[in-house]
Amino acid sequence: MARWREQVIAAGWMVLMWNLLWGRFSLGNLVGGLLVAVAVLVFFPLPPVTLDARLRPVALLDLTVRFVAELVTASVHVAWVAVRPGYRPRSAIIAVELRVRTDLNLALTAELLSLVPGTLILDVDRKAGVLYVHVFDVRGTGNLTRSRRRIRDVERRLLRAIGSPAEVRLLTSHPVEEGPNR
């Protein structure tokens with residue numbers, strides 16, 4: 001039953017997007033959008049996403065404020081490195097194991113990280129719950145440790161904002177081992 005409800009919601013969104021792309025709502029666009037939505041859902045079925053999330057407004061506000069602060073700080077840092085004469089930044093690729101390995105958590109954490117200048121998700125290992133992240137301007141192992149901590153902080157804030165109670169419990173029951181390669 002839940003699967004049908006998810007597909008009806010997805011079809012509704014696709015029909016809405018179809019009409020917005022055409023620039024007007026008409027019977028023809030409605031029928032065309034419905035045909036496209038049914039074709040997409042039949043021929044390209046989406047994997048089931050279990051959404052057991054709970055919205056926590058205070059934690060969501062914390063996530064938003066910190067994300068905007070990080071966005072501004074990282075933008076200024078990347079701009080400074082770009083205009084700094086003679087400076088050659090070093091980059092690194094790090095693997096960060098997330099504590100909650102759901103597809104939704106991996107996707108949302110990866111999206112938040114990719115929006116911040118200086119970090120880019122290169123690959124995701126879904127089974128192991130590992131993000132491979134390109135980090136800009138690394139000067140030593142201390143920077144790598146801070147980058148891993150920052151990524152896990154994004155995951156923690158995200159799960160506290162919209163995670164299920166079981167996911168939030170995982171944050172406290174599975175502490176992260178810190179080290180240069182973890």
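**Figure 1. The largest cavity of the predicted model and the residues around it.** About 60 Å³ of space lies in the largest cavity of this structure, which is a predicted model. A search of the whole structure finds 1 cavity of 30 Å³ or more. Its lining is made up of Leu63, Arg66, Phe67, Glu70, Leu112, Leu113, Val116, Val154 and Arg157, and these residues divide into 6 nonpolar and 3 charged, with no polar residue. At least two residues of the lining come from each of α3, α4 (103–115) and α5, and the largest share, 4 residues, is supplied by α3.

Figure 2. Arg66, which is one of the residues that line the largest cavity, forms a salt bridge with Asp62, and the closest N and O atoms of the pair are 2.8 Å apart. The two residues, Arg66 and Asp62, are separated by about one helical turn, because they stand 4 residues apart in helix α3 (residues 57–83). Arg66 counts as partly exposed, at 43% relative accessibility, and Asp62 likewise counts as partly exposed, at 31%. Side chains of opposite charge can pair when their charged atoms come close.

Figure 3. Asp153 is partly exposed, with a relative accessible area of 25%.

**Figure 4. The largest pocket and its lining.** About 390 Å³ of space lies in the largest pocket. It is lined by 17 residues, of which Ala74, His77, Phe136, Ser147 and Arg150 are the closest to its centre. The elements that give two or more residues to this lining are α3 and α5, and the largest share, 5 residues, comes from α3. By kind, the lining residues of the largest pocket divide into 6 nonpolar, 6 polar and 5 charged.

Figure 5. Asp137 is found in the loop between β3 (130–135) and α5 (141–162). Although Asp137 is not a glycine, it has a positive phi of about 60°. Most residues other than glycine have a negative phi. Asp137 has a relative accessible area of 5%, and Asp137 is therefore buried, since that value is under 20%.

**Figure 6. A nonpolar patch on the surface.** Ile9, Trp13, Leu16, Met17, Leu20 and Phe25 form a nonpolar patch on the surface, and together they have about 620 Å² of accessible area. One of these residues, Met17, is found in helix α1 (residues 2–22), and at 39% relative accessibility Met17 counts as partly exposed.

Conventions:
Residues numbered from 1 in each chain as written. Predicted model: local features only at pLDDT ≥ 70, side-chain atom pairs only at ≥ 80, totals over all residues. Heavy atoms only, no water. Patch = residues over 30% accessible without salt bridge, like charges linked within 9 Å, V, L, I, M, F, W, Y side chains within 5 Å. Areas by Shrake-Rupley, 256 points an atom, 1.4 Å probe, with all protein chains shown as cover. Salt bridge = Lys/Arg side-chain N within 4 Å of Asp/Glu carboxyl O. Buried < 20%, exposed > 50% of the residue type's maximum accessible area, 1.4 Å probe, protein only. 1 Å grid on protein atoms, 1.4 Å probe; cavity = no way out; pocket = protein on both sides within 12 Å on 5 of 7 lines; lining within 4 Å. Points joined across faces, edges and corners; volume = space filled by probe spheres on them. Nonpolar A, V, L, I, M, F, W, Y, C, P; charged D, E, K, R; others polar.
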